[in-house]
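Q: I have a model open and want to learn how to read its features. Where do we start?

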Amino acid sequence: MTLNRDTRFARFADLFAARVVIFDFDGVLVDSERFHYQSYNAVFQKYGHTIDPVEYAKYWTSLGLGPKGEIERHRLSIDPLVIRREKRPIFSELCRNGTIRFFPEARELVELLIRVKKTLAIASGTIRIDIEAILENEGLRQHFASVVGSDTAALKPDPESFLMVLAEVGASPSEAVILEDAEKGVSAAVTAKIPVVVIRTPETGAIPFEGADLILESHEELIDFARRTFRTNVG
């Protein structure tokens, strides 16, 4: 059952009383999923295969099955490790050169949370050096107490990245809230016993996100609730 807007806001305010906010990166903080798709697709096309964008949204972005899943679904004779290796420099250059940017609403949310002295962290399937390149471009790196990427922790739905963040910032699961946009992230959060808020995207409108503590309809709803929640703290 979909909660009405007032109920969603009340739950948001309660969940964001947590002292630690853990962000997924792609699709939550940064508008990067299309660039992941373009980078992977460019590599697959070298081997005669094109990734369907609808399949990508379901099987890659939300479920996290990656190139191995694509290869198995389409019975391709390609090594997924080769695909990942060839994709990495294409995407990394987009991180370094400023092509990939924060969603405006996400940047405002981060700035609000900084002003109310929340501890901020990132747990992502992107490698750490790419995350940090974007944070440096945005002038925000110093505000994140922990950044965990896929090169230092197992990919979601494994909860390792979330648990590593908690260890690095010295927090218990009950002291944190996670902001996610994918089923794999919700599963990881549930396993780690950390409350999780989901932001819907146009591609995930039909996904029920079982286990999420709250589902928001958009980045616009996210920042509206954040402004209302923290307005007394920011003057």
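A: Start with the naming of elements. Helices (H or I, at least four residues) and strands (E, at least two) are DSSP runs, numbered from the N terminus. Lys117, for instance, sits in the loop between α6 (104-115) and β2. Keep in mind that this is a predicted model.

Q: What is the phi of Lys117?
A: The general idea comes first. Most residues other than glycine have a negative phi, and most peptide bonds are trans. Now the case here. Lys117 has phi near 65°, a positive value in a residue other than glycine.

Q: Is Lys117 buried or exposed?
A: Exposed means over 50% relative accessible area. Lys117 counts as exposed because its relative accessibility is 72%.

Q: Where does Arg75 lie, and what is its phi?
A: Arg75 is in the loop between α4 and α5. Its phi is near 55°, a positive value in a residue other than glycine. Arg75 has a relative accessible area of 79%, so it is exposed.

Q: Which peptide bond is cis?
A: Look at omega. The bond from Lys156 to Pro157 is cis, with omega near 15°. Pro157 belongs to the loop between β3 and α8 (160-169).

Q: Next, strands. Which residues of β1 lie on one side, and which on the other?
A: In a regular strand the side chains alternate between the two faces of the sheet. Strand β1 covers residues 20-23. Val20 and Ile22 are on one side, Val21 and Phe23 on the other. All of these are buried, and both faces of β1 are covered.

Q: How many bridges join β1 to β2?
A: There are 4 bridges, and the two strands run parallel.

Q: In what sense do β2 and β3 pair?
A: Strand β2 (residues 119-123) pairs with β3 in the parallel sense, over 4 bridges. Ile122 has Val147 of β3 as its bridge partner. Between the two strands the chain passes through helix α7 (residues 128-138), and this β-α-β crossover is right-handed.

Q: How many residues of β3 are buried?
A: Strand β3 (residues 144-148) is mostly covered, with 4 of its 5 residues buried.

Q: Now a helix. Which residues of α1 are buried?
A: Helix α1 (residues 5-15) has Arg8, Phe9, Phe12 and Leu15 buried. They cover an arc of only 130° around the axis, so they lie on the same side of α1. The face turned away from that buried side carries the exposed residues Asp6 and Asp14.

Q: How far apart are Phe12 and Leu214, in sequence and in space?
A: The pair is 202 residues apart in sequence and 7.2 Å apart in space, C-alpha to C-alpha. Leu214 is in strand β6 (residues 214-216). With a relative accessible area of 2%, Leu214 is buried.

Q: Last topic: pockets. How much space lies in the largest pocket?
A: Rolling a probe the size of a water molecule over the atoms shows where empty space is left. Here the largest pocket holds about 650 Å³. Its lining has 32 residues; closest to the centre are Tyr40, Arg84, Gly125, Thr126 and Leu155.

Q: Which helix gives the most to that lining?
A: Helix α5 does, with 6 residues. α2 (33-46), α3 (53-62), α4 (66-74) and α5 (80-96) each supply at least two. By class, the lining of the largest pocket has 12 charged, 10 polar and 10 nonpolar residues.

Q: How much space lies in the second largest pocket, and which residues are closest to its centre?
A: The second largest pocket holds about 390 Å³. It is lined by 20 residues, and Glu33, Arg34, Thr61, Thr201 and Glu203 are the closest to its centre. The largest share of this lining, 4 residues, comes from α3. α2, α3 and α10 (219-230) each supply at least two residues. The lining of the second largest pocket divides into 7 charged, 7 polar and 6 nonpolar residues.

Conventions. Residues are numbered from 1 along each chain as its sequence is written. This is a predicted model: local features need pLDDT of at least 70, side-chain atom pairs count only at pLDDT 80 or more; totals for chains, interfaces and linings use all residues. Side-chain values use heavy atoms; hydrogens and water are left out. On a 1 Å grid over the protein atoms alone, a cavity is a set of points where a 1.4 Å probe fits but cannot get out, and a pocket is an open set with protein on both sides within 12 Å along at least five of seven lines; lining residues have an atom within 4 Å of a point. Grid points are joined across faces, edges and corners, and a volume is the space filled by probe spheres set on the points. Ala, Val, Leu, Ile, Met, Phe, Trp, Tyr, Cys and Pro count as nonpolar, Asp, Glu, Lys and Arg as charged, and the others, Gly among them, as polar. Buried means under 20% relative accessible area, exposed over 50%, partly exposed in between (1.4 Å probe, protein chains only). Two strands pair if DSSP finds at least two bridges between them. A crossover is right-handed if, with the strands pointing away from the viewer, the path from the first strand over the helix to the second runs clockwise. The arc is that of the directions from the helix axis to the C-beta atoms.
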